[in-house]
Amino acid sequence: MIFDLTGLFVSFLCLIIVIMIIRSYKYNNPYNLPFSIIIVCVGFQRFQNSLMNMNLMDLESPFKTSPFVALIFIPFFLLFFKNALENRGTSIRDLTHLILPFFLLLLNKLQILNDLLNKIIFLSFTTIYWLFMIKIIIKYYRKTVIRFSFNKIIFRWLILMFTNATIISFFLNYHVIYWQIDQSDMSLTDFYRGSSIVWVICLVYIILNPVVIFGKDYLLYQLNTKSKIYDPWKYKPLKTLQNMDTSINNKLIKSIPDLIFSLKSFEQDFNFLNSKELSLKTLSEKLKIPNSHLKFIIKYYNTLTVHEYFNLLKISFSIKL
């Protein structure tokens, strides 16, 4: 009973996540469609299974008839990771990942391949996609400066999602190897009940860290007040890099977006603006970077000069007062 209620709680959390996604749709650029599909499927599966176990609904899961249906679901996890880490939307090319699963599912339905070969293909398919996911996460870790809070939040979220993908892959292979039509319903119920705990952790983490769904720009937009008179920041360089700035650029290239995000956040922080005299030194201390690095960021990613930028902060602070 407790596990069934946990499944219903997962469905409720999935509904909240969907509402968050819809609310921030116009700010989520690009939009992560595979993540939405995963959340909807997870929520519906737990909802259906929990109500069936409590004798409130008689609706069978498609995985009961054949676990091979899951072949279509696995690629969505890979596409989710690619979209989340490469900051892009789903393309037509991405959809080609669904061609092979549908083809394998058709072969299974037509019983063209024997049982052993079907199991080997299923194991190979899920393992290859699982390894692709690991590769993408490692690539993200290597190219990203994890010491920044936003990157830490995203990375932890990805690890939680990867944990769920791993549990699903392991169970599906176990389910395929030992699959029997008369026991599949019980096996699925045990899986949904057990995996619901991990999904609760992942979904609660997202809700407690809305920047995962809403993104930086949306949260900054929500923080904005009437005192926000002008946004001078750009995420792409505004001028050609000079030779003397090459070494600093190499050091900061990974962390530029997060530093700009931190600077935008400080612009909304009344206590920080009021705590001490604004200067390059105080701001660089807050960012924990040298003055020269802060000058570099303002020089190439800000439409204002250093002097003009600090004047803007003072004006904004005066309006707040």
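Good morning. I begin with helix α15, which spans residues 306-320 and holds 15 residues. From its first C-alpha to its last it reaches 21 Å, close to the 21 Å expected at 1.5 Å a residue. Please bear in mind that this is a predicted model.

Which residues of α15 are buried? They are Y309, F310, L312, L313, S316 and F317. These residues cover an arc of only 150 degrees around the axis, and therefore lie on the same side of α15.

I turn now to the nonpolar cores. The largest has 59 residues, and F35, W157 and M161 touch the most other members. Several elements give two or more residues to this core, including α1 (2-23), α2 (33-53), α6 (115-143) and α8 (184-208). The most comes from α7, which gives 14 residues. Apart from this core lies another, of 27 residues, with F272, L278, Y301 and Y309 among them. Y309 is also one of the buried residues of α15.

Leaving aside neighbours within four places in sequence, M161 is in contact with F35, I38, F77, F80, F81, W199 and C202.

Finally, I consider N164, found in helix α7, residues 149-177. Is N164 buried or exposed? Its relative accessibility is 1%, and because buried means under 20%, N164 counts as buried. Again leaving aside neighbours within four places in sequence, N164 is in contact with V198, W199 and C202. Thank you for your attention.

Definitions and conventions. Residues are numbered from 1 along each chain as its sequence is written. This is a predicted model: local features need pLDDT of at least 70, side-chain atom pairs count only at pLDDT 80 or more; totals for chains, interfaces and linings use all residues. Side-chain values use heavy atoms; hydrogens and water are left out. Helices (H or I, at least four residues) and strands (E, at least two) are DSSP runs, numbered from the N terminus. Buried means under 20% relative accessible area, exposed over 50%, partly exposed in between (1.4 Å probe, protein chains only). Contact means heavy atoms within 4.5 Å. A nonpolar core is a set of buried Ala, Val, Leu, Ile, Met, Phe, Trp, Tyr and Cys residues joined through side-chain atoms within 4.5 Å. The expected span of a helix is 1.5 Å times one less than its number of residues. The arc is that of the directions from the helix axis to the C-beta atoms.
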